[in-house]
Amino acid sequence: MMPSSLRERILEYLDQHKEVTTEQLQKIFGVSRRHIQRHLHQLVEEHRVSMTLLPGSHHTGVYQSVLPRDEEFHAIPQLLRAIEKVGGKDLLGKVLEQFTDQYYGHSIDQSLEALSQENSVLMDWKKSPNGWWITMRQCPLPNTPDAELVCQAEARTFSKHFKAPAIHFSRAETGVCQFFIPQKTVTDQNESRAGIAKTQGRLSSPIASREGGTDTDE
């Protein structure tokens, strides 16, 4: 399955080829030079792609992937495809969830406030009136057969660690992946406590009634 965003397609192509120019990518993907350059410059800033100028040129650059190029890395997409072939997307989703849970590990076993103070190489945190936005800087499994399944697995992992439903958003144009974690307001918490107190009151009232001798059924 071809990655959905242009950014992912560029990364996949760079991972499979030694080097490429903007003009070559423009012809391959049939989009404007400006569009290709915007993605390449962003990937260079993220240190996922390197750029060197062609000999004798002051403008034309050659781009290369800086991702690991060992056999183990290249075997991951094939391994995931084999898992999906054997057990379908349900099994693949469970495997990806286990992977993302171990990938992030104890690094996210902190409060959202504490995590927002850290300079993570993986994600940026931004608080909003209703919760937290997580903007990913890199994917735990780049160039996988189905990037959306990885994002869904991450959402389940975040939901488990932060004890709140993580909602996944994807901006296909830029390839930026975001998650939103809603945060209960003080009003919500007060209403929750009031509901618990009310329930406890209903459960305890028959006992109090009998002790006070006001139960007319007895």
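Modeller: Helices here are DSSP runs of at least four residues, numbered from the N terminus. In this predicted model, T22 lies in helix α2, which covers residues 22–29.

Biologist: Is T22 buried or exposed, and why?

Modeller: Buried means under 20% relative accessible area. T22 has a relative accessibility of 4%, and therefore counts as buried. Leaving aside neighbours within four places in sequence, T22 is in contact with R33, I36, Q37, L40 and Y63.

Biologist: Which residues of α2 are buried, and where do they fall when seen down the axis of the helix?

Modeller: The buried residues of α2 are T22, L25 and F29. Seen down the helix axis, these buried residues fall within an arc of 65 degrees, so they line one face of α2. The general idea is that an α-helix has 3.6 residues a turn, so residues three or four places apart point the same way.

Biologist: What do the buried residues of α2 pack against?

Modeller: They pack against α1 (6–16), β1 (20–21), α3 (33–45) and β3 (61–65). After α2 comes G30, whose phi is positive, near 65 degrees.

Biologist: What is the mean pLDDT of the protein?

Modeller: pLDDT is the predictor's confidence in each residue, from 0 to 100. The mean for this protein is 76, and 71% of its residues reach 70 or more. Over residues 185–189, however, pLDDT stays under 50, and the model has 1 contact beyond four places in sequence for them. Residues 202–218 also have pLDDT below 50, with 4 contacts in the model beyond near neighbours in sequence.

Methods: Residues numbered from 1 in each chain as written. Predicted model: local features only at pLDDT ≥ 70, side-chain atom pairs only at ≥ 80, totals over all residues. Heavy atoms only, no water. Helix = DSSP H or I, 4+ residues; strand = E, 2+ residues; numbered from the N terminus. Buried < 20%, exposed > 50% of the residue type's maximum accessible area, 1.4 Å probe, protein only. Contact = heavy atoms within 4.5 Å. Arc of directions from axis to C-beta.
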